[in-house]
Amino acid sequence: MNDDTEIGYKVRQTLNQGLDTIDNNVSRRLDLNRQAALENQRMSAGWLRLTGIGHVAELAEFVVFSNARTLLAVMALSIGAAGTYYWKALEQTQEFAEIDSALLADELPPSAYIDRGFNAWLERASDSSLQ
Amino acid sequence: MARARFRLILAVALWLVAPLGQAGITPPLAQPSWSQLSKEQKQILAPLANEWDKMDGFRRKKWLGISKRYGSMKSDEKARMQRRMTDWAKLSPDDRKRARDKYKSLQKASPETKDAVRKKWQEYNALPESEKKRLKAEAALKKASLASKSKKSAPTTSAIIGKHSTPSVSTEQTAPQ
């Protein structure tokens, strides 16, 4: 421990002696660079603290671009699903138009098919004819 | 690892929202309003004049399809159709589905059976109103007891696919009616 302290002390002494003999231009440039580095550090820390939304946007951008293929596949699937739904609905529309026009024009009215009383009466009639 | 998790989350989310997407994101089918119909179409679809603009695109398209077939019908068929249009449009999607299913199965029956059903309908109509009410109440009771039986019993395969335990969600709720 004491050895370390001693070495540190000697290094500092040597550096301080070097500092006395350093060129003024070099010294000024070193100082300017140090100030600039400190300023940049303050700015980036402040940005991270204050602009949470921007950070989230950056993260979202990263997630989107790194998963672009998956997202494209999902979009293609969604378009396919919507297209299938549309196609099925249109097909059903045509089928219903055909059935409904025949059903509405038939001799037997639509109410005959949905009248539960008639249904029960038919069932009873068919039961009695079987007995 | 993170990408795999992202994909899994995305897949689950999509699976959950897929039905909503189909029903909600799909744009409505553009069909003419009542004022945009031709004079002939208005004449055929006159019983639906008040309902037309409230109908969705798929229903309008269906009725336009019916109006196309109207021209090739006999005069008595035309009269019957126009007389029944309003009541038909007011039925619930489930009732319309039931009527269509029964109509389709009757079409497969022999001409003798069809004649017999027509005669029975006439006979049924001649019954006193009290008798009709009694028959309807009897049918409702039977339906309720069948429903409670299917609820009490364990959900076997036959119960799940059986007509009494099948949820009454009609395909028409997302499609033309």
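Helices (H or I, at least four residues) and strands (E, at least two) are DSSP runs, numbered from the N terminus. Read in this way, chain B of this predicted model follows the pattern α-α-α-α-α-α-α-α along its sequence, with eight helices and zero strands. Residues are numbered from 1 along each chain as its sequence is written, while chains are lettered from A and ligands numbered from 1 in the order in which they are written. Because the model is predicted, local features need pLDDT of at least 70 and side-chain atom pairs count only at pLDDT 80 or more, whereas totals for chains, interfaces and linings use all residues; side-chain values use heavy atoms, with hydrogens and water left out.

The predictor's confidence in each residue, pLDDT, runs from 0 to 100. Chain B averages 80, and 69% of its residues score at least 70. Over residues 154–174 of chain B the pLDDT is below 50, and this stretch has 22 contacts (heavy atoms within 4.5 Å) beyond near neighbours in sequence. Of the 177 residues of chain B, 28% count as buried; here buried means under 20% relative accessible area, exposed over 50%, and partly exposed in between (1.4 Å probe, protein chains only).

Turning to how the chains meet, 47 residues of chain A are in contact with 52 residues of chain B. The buried area, which is the accessible area (1.4 Å probe) that two parts lose on being put together, summed over both, is about 4,900 Å² between chain A and chain B, and carbon and sulfur atoms give 66% of it. Seven salt bridges are found across this interface, a salt bridge being a side-chain nitrogen of Lys or Arg within 4 Å of a carboxyl oxygen of Asp or Glu. One salt bridge joins the side chains of Asp100(A) and Lys62(B) at 2.8 Å, N to O.

Lys132(B) is buried, with a relative accessible area of 10%, whereas Glu129(B) is exposed at 52%. Glu138(B) and Arg134(B) also form a salt bridge, with closest N and O atoms 3.3 Å apart, and lie four residues apart in α7. Glu138(B) is partly exposed, with a relative accessible area of 35%, as is Arg134(B) at 39%. Salt bridges with shared partners join Arg124(A), Glu131(B), Arg134(B) and Glu138(B) into one network.
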